[in-house]
Amino acid sequence: MEKTEILLATINRKDFSLLENMNIQSDIIIANQTEHFSCEEKKFGDCTAKMICTADRGVGRNRNIALAYSSADICIFADDDMVYSDGYEAEVAKAFKTLPKADILIFNCKYKQNGNGERKEKEDRKLKRVRFHNFARHGTYKIAMKRSSWMRKNIWFSELYGGGAIYGSGEDTLFLREALRKGMKIYTYPYEIALVDQRNSTWFSGYNNKFFFDKGSLIAAAFPMLKWVIWIYFWLTLSRKSGLSKPNCARMMLMGMRAQKSSSSYGEWIEKGK
């Protein structure tokens, strides 16, 4: 069986207790955002956990650190609010054996949200090719990737997007876009890999001005050819969920689209009075 590694981006971890909390059953590399640099290793069963502590900020940066330390055949990206299904290592290896031409597979998850118990969002019930028209709805925590494919294509997570970065989310969208742009074959696979607890988001603080600004920046970066069509869709969809007026939501998103060209943050853009 091919060797797998969980690649986990997390923050301020003091020990390896998450191995049990997350039901880790394979090797794991933990990129831990702290205030110091250190490398620790722990054996558990037949597996190895490596914790790389750095002061580097941003989820994209820490996912890249985990990638740089990886050595397994298959890399499984993770967040620290997940509990993995029993036997996931064998199931992921089986999935790649079923689809030998796949570079990346995207699995299903079950979700716990807002104290309302478990729920399932829209599942991918069939093996299906992911292309430019349907890649943007998938989060990093559902992704597994052949490390050999990654080494050939040399793709990395954007360090401008995601929790702790200039723009609040979107590193996963841009990663998949870059993978498709470089010709990697991506498929959905109908296996439920984990339960995800989404009750405490590290980046989402409401549909406020910054949210719409950051969304505009992401649209410009991820959909350069279709940005105006995508902008209209997200403006109409997301403005309904906000207490802000529709004109204000539109203005914030347009500001974000313009700011993306210079990688300016919301605070910088507002301060300049753009």
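1. Glu159 is partly exposed, with a relative accessible area of 40%; here buried means under 20%, exposed over 50% and partly exposed in between, with a 1.4 Å probe and protein chains only. Its side chain meets that of Arg61 in a salt bridge, 3.6 Å from N to O, where a salt bridge is a side-chain nitrogen of Lys or Arg within 4 Å of a carboxyl oxygen of Asp or Glu. The pair joins distant parts of the chain, 98 residues apart: Arg61 sits in helix α2 (residues 59–69), and Glu159 in the loop between α4 (147–153) and α5. Helices (H or I, at least four residues) and strands (E, at least two) are DSSP runs numbered from the N terminus. Arg61 is partly exposed too, at 30% relative accessibility, and Asp56 is linked with Arg61 and Glu159 in a network of salt bridges. In total, the structure holds twelve salt bridges.

2. A word on the basis of these points: this is a predicted model, in which local features need pLDDT of at least 70 and side-chain atom pairs count only at pLDDT 80 or more, while totals for chains, interfaces and linings use all residues. Residues are numbered from 1 along each chain as its sequence is written, and side-chain values use heavy atoms, leaving out hydrogens and water.

3. Helix α5 (residues 171–181) is worth a look: ten of its eleven residues are buried, so the helix is largely enclosed by the rest of the structure. Among the buried residues are Asp172, Phe175, Arg177 and Glu178. Glu178 forms a salt bridge with Arg181, with the closest N and O atoms 2.8 Å apart; the two are about one helical turn apart because they are three residues apart in α5. Glu178 also meets Lys182 in a salt bridge at 3.8 Å, N to O, and Lys182 is partly exposed at 27%. After α5 comes Gly183, with a positive phi near 85°.

4. The largest nonpolar core has 47 residues, and those with the most contacts inside it are Phe77, Ile104, Met145 and Ile186. Helix α6 (residues 209–222) gives the most to this core, with eight residues. Such a core is a set of buried Ala, Val, Leu, Ile, Met, Phe, Trp, Tyr and Cys residues joined through side-chain atoms within 4.5 Å. Beyond its neighbours within four places in sequence, Ile186 is in contact (heavy atoms within 4.5 Å) with residues including Ile104, Val130, Leu176 and Leu180. A second, separate core of 37 residues includes Ile28, Met51, Ala78 and Phe107.

5. Thr34 lies in the loop between β2 (27–33) and β3 (38–44), and is buried at 5% relative accessible area. Its side chain reaches the backbone oxygen of His36 at 3.1 Å. Leaving out residues up to four places away in sequence, Thr34 touches Asn12, Cys53, Thr54, Ala55 and Arg57.

6. Two asparagines deserve a backbone check. Most residues other than glycine have a negative phi. Asn12, in the loop between β1 (4–11) and α1 (18–21), has a positive phi of about 55° and is partly exposed at 44%. Asn23, in the loop between α1 and β2, has a positive phi of about 60° and is partly exposed at 24%.

Technical notes
A polar contact is a pair of N or O atoms within 3.5 Å; within protein, one must be able to donate a hydrogen and the other to accept it, and residues adjacent in sequence count only if both atoms are side-chain atoms.
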